[in-house]
Amino acid sequence: MRHLMNPLDFSVEELDRLFDLANDIEKNMGKYAHACEGKKLATCFYEPSTRTRLSFESAMLNLGGSVIGFSDANSSSASKGESVSDTIRVISCFADICAMRHPKEGAPMVAASRSSIPVINAGDGGHQHPTQTLTDLLTIRSLKGRLNNFTIGLCGDLKFGRTVHSLINALVRYEGIKFIFISPEELKVPDYITDMLKEKNIPYEEVIRLEDTMPELDLLYMTRVQRERFFNEEDYVRLKDFYILDKAKMELAKPDMMVLHPLPRVNEISVEVDDDPRAAYFKQVQYGVYVRMALILTLLETDTDSLT
Ligand code: NCD
């Protein structure tokens, strides 16, 4: 039985197969409409989320399966003091697969070690968010036709942003990737990441101004300042509007640069950018459903070749 804790749990070849399946789902939704009939997905969300949880639920419903779960810790037995290990053993009796989000780093891993059903990490603290990374990679591969030879700018909260940490982790396995980290001094990417890049000889730059670097980017990954992970509100208020991507900045970019954002957006992308053909963040949401469908099918070991 397999779980998904980290994007690196899948080899590059396995990811290719997953993305091929997601692209087939995109083209032939009807073929998959009953693939998970009789199966249940449990969404165990100890931290607020709209899109990730609904994306998982929508993915399972599109496959003909059903969904149970809770959407905040207060409405689960965690509020009575139940451990994640006990919760997952109980959930294993109710469902066939579980997507878990938790504010504590490593909690889904603890759950996986005790689980008799596949567990998907749907975000653990500031650590990893593998299904967002699968979404990001599928979006890039589908819209650009490749996952190598890019200069990618990651902008905003690179310290607390788990989507950023997961995406960097996943992209280092592809050839010709150069990272440009764009953040204020206080929100720089953690040292363990830059140490890993140095060790692997992968080029990166750390800059503060978005404007200076715009012309060289093939991809721009914008992120929200992660208010909930700050120790004091004053720091958040000072940093929250540090970057605002607007029309004027988009004029500095390549004509085919692609803008991604895991969402939710706060102020970091002005709404005037939404109509720019280079803005891919709403398409990204749609790809998130396809890739989660492909992931559920893969972890449940569904024989997709027999579907018609
Ligand atoms: C991200 C997350 O939860 O880390 N959102 C998401 O999954 N769509 C990004 C964020 O909350 O800023």
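## The ligand pocket

The ligand takes up the space of the largest pocket. A pocket here is an open set of points on a 1 Å grid over the protein atoms alone, with protein on both sides within 12 Å along at least five of seven lines. A molecule sits in a pocket if more than half of its atoms lie within 2 Å of the grid points.

This is a predicted model: local features need pLDDT of at least 70, side-chain atom pairs count only at pLDDT 80 or more, and totals for chains, interfaces and linings use all residues. Residues are numbered from 1 along each chain, and side-chain values use heavy atoms, without hydrogens and water.

## The shell

The residues around the ligand (a heavy atom within 4 Å) include Arg51, Thr52, His129, Arg162, Leu263 and Pro264. The shell divides into 3 nonpolar, 5 polar and 4 charged residues.

Helices α2 (51-62) and α6 (162-171) each supply at least two shell residues. Helices are DSSP runs of H or I with at least four residues; strands are runs of E with at least two. Domain 1 (7-128 + 288-306) and domain 2 (131-285) both give residues to the shell, so the ligand lies between them. The domain bounds come from an automatic or database assignment.

Three side chains reach ligand oxygen atoms with polar atoms: His129 at 2.6 Å, Arg162 at 2.8 Å and Thr52 at 2.9 Å. A polar contact is a pair of N or O atoms within 3.5 Å. The protein covers 95% of the 310 Å² of accessible area that the ligand has on its own (Shrake-Rupley method, 1.4 Å probe).

## Backbone details

Most peptide bonds are trans. The bond from Leu263 to Pro264 is cis, with omega near 5 degrees. Pro264 lies in the loop between β9 (258-260) and α11 (281-299).

Terms used
A polar contact is a pair of N or O atoms within 3.5 Å; within protein, one must be able to donate a hydrogen and the other to accept it, and residues adjacent in sequence count only if both atoms are side-chain atoms. On a 1 Å grid over the protein atoms alone, a cavity is a set of points where a 1.4 Å probe fits but cannot get out, and a pocket is an open set with protein on both sides within 12 Å along at least five of seven lines; lining residues have an atom within 4 Å of a point. Ala, Val, Leu, Ile, Met, Phe, Trp, Tyr, Cys and Pro count as nonpolar, Asp, Glu, Lys and Arg as charged, and the others, Gly among them, as polar.
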